[in-house]
Amino acid sequence: MDSDENNNSKVSIQTILENSLASLDNGKYGICFPSCVSAMTAVFSLLKVGDHIICGDDIFGGTCNLLRKVFPQFKIDVDFIDMTDTLNVENAIKPNTKLIFYETPTNPTLKVTDIHKIAKIAKSKNLIHVVENTFLTSYFQKPLNLGADIVLYSLTKYMNGHSDVFMGAIVTNSDGLYKQLKLRQDCMGINPSSLDCHLVFQSLKTLPLRMRQHMFNGQRVAEFLDTHSSVQKVLYTGLSSHPQYELSKKQTSGHCGIVSFYIKGSKEESTKFLKSLKLIQIAVSFGGYESIIQLPKYCTSNPVPETRRAKLGINDSLLRLSVGLENVDDLIIDLNQALNSINL
Ligand SMILES: Cc1ncc(COP(=O)(O)O)c(C=O)c1O
């Protein structure tokens, strides 16, 4: 065996995946973790005692728990703010602020943040700017191109798309951040398994096909729900009624399959509707090939304090549907019969 072959045989599937993720985001470095939450843990541990984080107000409950229950023990303080108005971000910056973190679109109310504007603010104040891109993936949105320092993923969701893996990742162009995060991956023992890396690597090959189909199905479902008399309001970035529709068009090249909507009525009607579904399963998570639905207030947004949930509109009638890759007519038939069963 000559030396080139010998070197090639030493490249691990984890490194192959990390390099692939980096290139999909036009980034220099990728690092994989065994979950998104472990990737976040590595990122937030870049800070020191006395530092401050500005975080989007609408975020996955697990992120909320991590920032409210774990990092304050290390005297790292956090403010949760509405990032749709960048003035709120400027006003929230303190002398000890070190990092800005947000999802765009957010989970579950699909609020959109102007990444380019936040990048300008972050750069002017020397803050680490982290964008969670789990909803849109690198196929529809490239936060590094818009000026973010770190893009973060739950690969568990769309990037893998087959609901059979837990993994997270970050991508960055910064030599310094890469070095620091790689050190944390090694020192904290937060490496993914080779099998999971292999599964995600295989799945990435169909990412464009899957995302285009999620978008097609998501749009059709959102338009259907928007016309149904038992639906009060639909939140979908692909509908012109979405408050940041123009911004979405500007900074992304498409929409995912997450459709949130308010049913008319309250918990009784939401529960009846959920129980009437035949094809769409009740489950947390999202981004897989199969359509799933949940009541965020009682599931993924449950760790968010009630006052903030109420302000965000995460209530008994808000449902979050992850539209899968099934025949969209079958999904609409299922939603229609379940909505009709409410009998308002
Ligand atoms: C937006 C968002 N980010 C991160 C996570 C957590 O991902 P993981 O299970 O890969 O840690 C979730 C889980 O539902 C989520 O909704």
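This is a predicted model: local features need pLDDT of at least 70, side-chain atom pairs count only at pLDDT 80 or more; totals for chains, interfaces and linings use all residues.
Two strands count as paired if DSSP finds at least two bridges between them. The protein chain has an average pLDDT of 96, and 97% of the residues score at least 70. Residues 1–5 have a pLDDT below 50. Beyond near neighbours in sequence, this stretch makes one contact in the model.

β10 pairs with strand β11 (residues 292–294) in the parallel sense, over two bridges. Here isoleucine 282 stands opposite isoleucine 293 in β11.

A second open sheet is formed by seven strands. The order is β1-β7-β6-β5-β4-β2-β3, again with mixed pairing. β1 (29–33) and β3 stand at its edges. Both have a single partner strand, so one side of each lacks a neighbour in the sheet. Neighbouring strands of this sheet are turned against each other by 20 degrees on average, direction ignored.

Strand β5 (residues 128–132) pairs with β6 in the parallel sense over three bridges. Valine 131 stands opposite valine 151 in β6. Strand β2 (residues 52–56) and strand β3 (residues 77–81) also pair in the parallel sense, over five bridges. In β3, valine 78 is the bridge partner of isoleucine 53. Together with α4, β2 and β3 make a right-handed β-α-β unit.

Helices pack on this sheet. α3 touches β1, β2, β4, β5, β6 and β7. The direction of α3 makes about 155 degrees with that of β6. α4 lies across β2, β3 and β4. Relative to β3, α4 runs at about 140 degrees.

The two helices also pack on each other. Helix α3 (residues 36–44) and helix α4 (residues 61–70) meet at an angle of about 35 degrees, and their axes are 11 Å apart. The crossing of α3 with α4 is right-handed. On the α3 side, the contact is made by Val37, Met40, Thr41 and Phe44. On the α4 side, Thr63, Leu66 and Leu67 contribute. Five of the contact residues are nonpolar, two are polar and none is charged.

The loop between β4 (97–103) and α6 (115–124) holds proline 105. The peptide bond from threonine 104 to proline 105 is cis, with omega near -5 degrees. Proline 108 is found in the loop between β4 and α6 as well. The bond from asparagine 107 to proline 108 is cis, with omega near 10 degrees. Serine 163 lies in the loop between β6 (150–154) and β7 (168–172). Phi of serine 163 is near 55 degrees, a positive value in a residue other than glycine.

How values were computed
Residues are numbered from 1 along each chain as its sequence is written. Side-chain values use heavy atoms; hydrogens and water are left out. Helices (H or I, at least four residues) and strands (E, at least two) are DSSP runs, numbered from the N terminus. Axes are lines fitted to C-alpha atoms, for helices over the stretch in contact, and angles run from 0 to 180 degrees between N-to-C directions. A crossing is left-handed if the near helix is turned anticlockwise from the far one by less than a right angle, and right-handed if clockwise. Contact means heavy atoms within 4.5 Å. Ala, Val, Leu, Ile, Met, Phe, Trp, Tyr, Cys and Pro count as nonpolar, Asp, Glu, Lys and Arg as charged, and the others, Gly among them, as polar. A crossover is right-handed if, with the strands pointing away from the viewer, the path from the first strand over the helix to the second runs clockwise. pLDDT is the predictor's confidence in each residue, from 0 to 100.
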